[in-house]
Amino acid sequence: MSLVEAALVTIVAASTPLLLAAIGELVVERSGVLNLGVEGMMVMGAVAGFAAAYTVGSATLGIVAAVVTGIAMSLLFAFLTQILAANQVATGLALTLFGLGLSGLVGEPFTGLPGVKLERIEIPLLSDLPIVGSAFFAQDVLVYASFILTIATAFVLSRTKTGLVIRAVGINHHSAHALGYKVIAVRCACIAFGGACAGLAGAHLSLAYTTQWIESMTAGRGWIALALVVFATWVPGRVLVGAYLFGAVWIMGLYAQGLGAGIPPQLLSSLPYLATIVALVLISGDRILAKANTPACLGQAFVPDR
Amino acid sequence: MRLILEKRPERSRWMPFLSPLLAIGLTLVVGGILFAARGLDPLHALYVYFVEPVTTWWSIEELIVKTAPLVLIGVGLAICFKANIWNIGAEGQLTAGAIAGAAIPILLPGWESPMVLPLMILCGIAGGIAWAAIPAFFRHRFGASEILTSLMLVYVALYLLDWLVRGPWRDPHGYNFPHSVSFESWQLLPTLGDGRVHAGALIALLVVFTLFIMMSKTLKGFEIRISGEAPKASGFGGFSRPRTLWFCFILAGGLAGLAGICEVAGPIGQLQPSISPGYGFTAIIVAFLGRLNPVGVLLAGIALGISYLGGEAAQIELTGVSDKTARVFQGMLLFFILACDTLILYRLRWIGTGLATTTPKRGQA
């Protein structure tokens with residue numbers, strides 16, 4: 001395996017959690033809800049996935065546990081913001097703080113234990129392709145899931161009636177309500193989808209990217225996923241590109257640390273966060289691009305007047 | 001039968017005061033259930049957790065030490081949130097303040113003068129302001145979300161601190177341990193008697209009082225409130241949104257920086273890789289529990305301070321309870337407070353499916 005191939009394999013592995021979480025959050029935001037709890041749902045998915053896989057010895061069950069946990073966390077958010085009309089920014093922050101705290105507590109007995117690794121599945125023929133074969137077609141099931149989810153999300157949002165309803169609810173919830181669509185139900189479903197995706201992202205971290213549980217191991221990836229959605233101007237295809245750019249930045253930092261070269265490792269470790277700020281500034285600075293797909297009702301509570 | 005939200009004709013008068021108490025009560029009930037599920041006597045566990053920390057003078061001192069930074073940061077954040085400005089990077093601003101303030105004793109260790117401590121505090125405030133100015137500038141100039149940029153800068157600040165204490169600022173006689181030189185007596189905040197309570201607590205009280213007056217009695221306070229509650233009206237009234245943005249970030253950043261330097265020049269006494277057990281994030285909960293009101297923040301700061309101390313006490317006294325429980329309680333508390341706050345504007349009402357026609361419907365009567 002050449003160096004380029006090896007680098008590509010790690011970049012794909014580093015990008016997958018970002019892509020999964022960002023795709024989920026994109027759907028949530030398209031329905032007009034801002035869930036800042038991605039980090040909390042992701043870290044809970046990571047610990048639940050690890051714990052279930054370790055206890056039962058099956059990575060598949062770990063994935064299921066992570067998804068269920070992600071959905072459970074997101075429904076907590078849905079209950080507060082959709083049923084009780086609580087402030088979405090504050091509730092999202094609460095979800096993140098709660099998730100980081102609870103995962104630390106739940107994960108304490110699992111710290112330092114060897115985990116179960118998600119197996120790689122080689123796709124016949126395609127995995128033999130030069131350079132891209134091993135990176136894209138000899139990966140674990142979550143990597144393939146991230147591709148499928150991206151394509152499916154892009155298709156559903158732009159080509160189906162379901163997608164049209166989601167976008168309508170996000171652009172003008174009063175009109176959507178007047179047309180007879182159940183705004184709250186649509187939003188709750190989108191929030192649950194976002195939770196499932198964040199759970200998958202967490203599972204990839206603790207079952208594939210590394211096979212151990214470390215407290216707060218998401219290290220801001222949930223927040224970067226949120227930034228990616230803005231960076232991608234709410235378009236699934238651009239989320240894919242963005243996630244891979246950020247994954248590349250992450251891996252570049254690791255490689256540069258390996259080479260030494262006198263650069264402080266802390267500077268290299270902060271590269272993804274600095275890159276996020278730069279990306280946000282660049283995209284927000286372009287008002288036309290930034291406003292083009294922004295859901296008009298993003299972050300606003302909706303209480304139906306019966 | 002189903003439960004629905006019904007808008008109150010006007011804001012509830014009592015819920016703003018009841019809701020934090022209700023939230024604390026619910027947290028205690030759920031906490032008790034969780035302790036019971038672990039096979040502990042819930043009442044004893046809650047006593048160890050929330051009452052014991054305030055029964056001895058030693059632990060009350062410790063409580064004041066923990067509360068001071070929470071209150072300092074919390075009031076700044078409360079004013080930001082009041083203006084609908086979401087600075088959630090206080091942890092980074094605290095770190096930047098600690099670094100900037102600690103630069104004086106580390107770079108000029110021999111300079112002994114009564115000027116040193118005030119200068120350290122000023123540098124600490126300036127460090128926090130500088131760190132907070134970055135998201136404010138990006139928000140003002142480019143419209144970049146301050147939520148994400150301020151949070152990203154937390155990681156950057158923590159890595160910067162880590163680099164400094166492991167690299168250029170490491171104590172040369174510290175046996176390679178990652179920390180700076182220990183500060184000398186003239187570089188440390190004065191303490192109350194021989195105890196651990198330092199001048200930071202007094203500063204926090206002064207800040208709370210000043211900001212309470214500002215928010216309730218001055219035009220600036222009105223400008224901040226109106227800017228958050230009715231941005232359009234505020235614009236028509238001639239208040240500038242960017243000015244509020246800058247004011248809030250500078251205020252909150254400066255206070256977080258002040259909390260940072262008070263920590264390193266107070267209980268810690270040197271720069272080390274970890275200088276805060278998440279005060280900057282817990283202060284978000286403090287701000288909400290305190291109803292975004294400076295005096296409320298003071299009371300909320302004490303409540304959250306107890307949760308930190310209780311976590312430590314519980315780890316020692318209760319079998320199988322980790323100090324990580326504290327963060328779960330804190331997160332849970334924020335959920336409950338947000339849920340209870342709904343009752344300020346809405347009330348819950350059961351409507352029966354069969355009786356739906358007899359219940360008076362608003363707007364159709």
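Analyst: A helix here is a DSSP run of H or I with at least four residues, a strand is a run of E with at least two, and both are numbered from the N terminus. The model is a predicted one. On that basis, chain A contains 14 helices and 0 strands. Read from its N terminus, the order of elements is α-α-α-α-α-α-α-α-α-α-α-α-α-α. The radius of gyration of chain A is 19 Å, close to the 19 Å that the globule rule gives for 306 residues, so chain A is as compact as a globular protein of that length. Along the principal axes, its C-alpha atoms occupy a box of roughly 60 × 45 × 40 Å.

The packing of chain A can be described from its residues and from its contacts. Of its 306 residues, 57% are buried, a class that requires under 20% relative accessible area. When contacts between residues at least 6 apart in sequence are considered, 77% of those in chain A link residues at least 24 apart. The accessible surface of chain A amounts to about 11,800 Å², and carbon and sulfur atoms account for 72% of that surface. Chain A carries 13 positive and 12 negative charges, whose mean positions are separated by 16 Å.

A:I11 belongs to helix α1, which spans residues 3-30. Its relative accessibility is 17%, so A:I11 counts as buried, the limit for that class being 20%. Beyond its neighbours within four places in sequence, A:I11 is in contact with A:Y244, A:G247, A:A248 and A:I251.

The partner of chain A is chain B. Together the two chains bury about 4,000 Å², 76% of it on carbon and sulfur atoms. Within the area that chain B buries against chain A, B:L148, B:M152 and B:F335 supply 17%, more than any other three residues. The contact involves 47 residues of chain A and 42 residues of chain B.

Chain B itself has 13 helices and 2 strands. A compact globule of 365 residues would have a radius of gyration near 21 Å, and the 23 Å of chain B agrees with this. The box filled by the C-alpha atoms of chain B is roughly 80 × 60 × 35 Å along the principal axes. Of the 365 residues of chain B, 53% count as buried. Its accessible surface is about 16,400 Å², with 67% belonging to carbon and sulfur atoms. Chain B has 26 positive and 20 negative side chains, and the centres of these two sets lie 18 Å apart. Among its contacts between residues at least 6 apart in sequence, 77% join residues at least 24 apart.

B:G124 sits in helix α5, residues 116-142, and has 0% relative accessibility, so B:G124 is counted as buried. Leaving out neighbours within four places in sequence, the contacts of B:G124 are B:G97, B:G101, B:G257, B:L258 and B:I261. B:A204 lies 80 residues from B:G124 in sequence, and the C-alpha atoms of the two are 15 Å apart.

B:I316, by contrast, is exposed at 72% relative accessibility. Helix α12, residues 294-317, contains B:I316. From the C-alpha atom of B:I316 to that of B:L153, 163 residues away along the chain, the distance is 35 Å.

Two further residues of chain B lie in a loop. B:Y175 is located between α6 (146-166) and α7 (199-217), and B:N176 is found in the loop between α6 and α7 as well. B:Y175 is exposed, with a relative accessible area of 74%, and B:N176 counts as exposed at 59%; exposure requires over 50%.

Conventions
Residues are numbered from 1 along each chain as its sequence is written. Chains are lettered from A and ligands numbered from 1 in the order in which they are written. This is a predicted model: local features need pLDDT of at least 70, side-chain atom pairs count only at pLDDT 80 or more; totals for chains, interfaces and linings use all residues. Side-chain values use heavy atoms; hydrogens and water are left out. The radius of gyration is taken over C-alpha atoms; the globule rule is 2.2 Å times the number of residues to the power 0.38. Buried means under 20% relative accessible area, exposed over 50%, partly exposed in between (1.4 Å probe, protein chains only). Contact means heavy atoms within 4.5 Å. Accessible areas come from the Shrake-Rupley method with a 1.4 Å probe; for residues, only the protein chains shown count as cover. Lys and Arg count as positive and Asp and Glu as negative; His and the chain ends are not counted. The place of a charge is taken as NZ of Lys, CZ of Arg, CG of Asp or CD of Glu. Buried area is the accessible area (1.4 Å probe) that two parts lose on being put together, summed over both.
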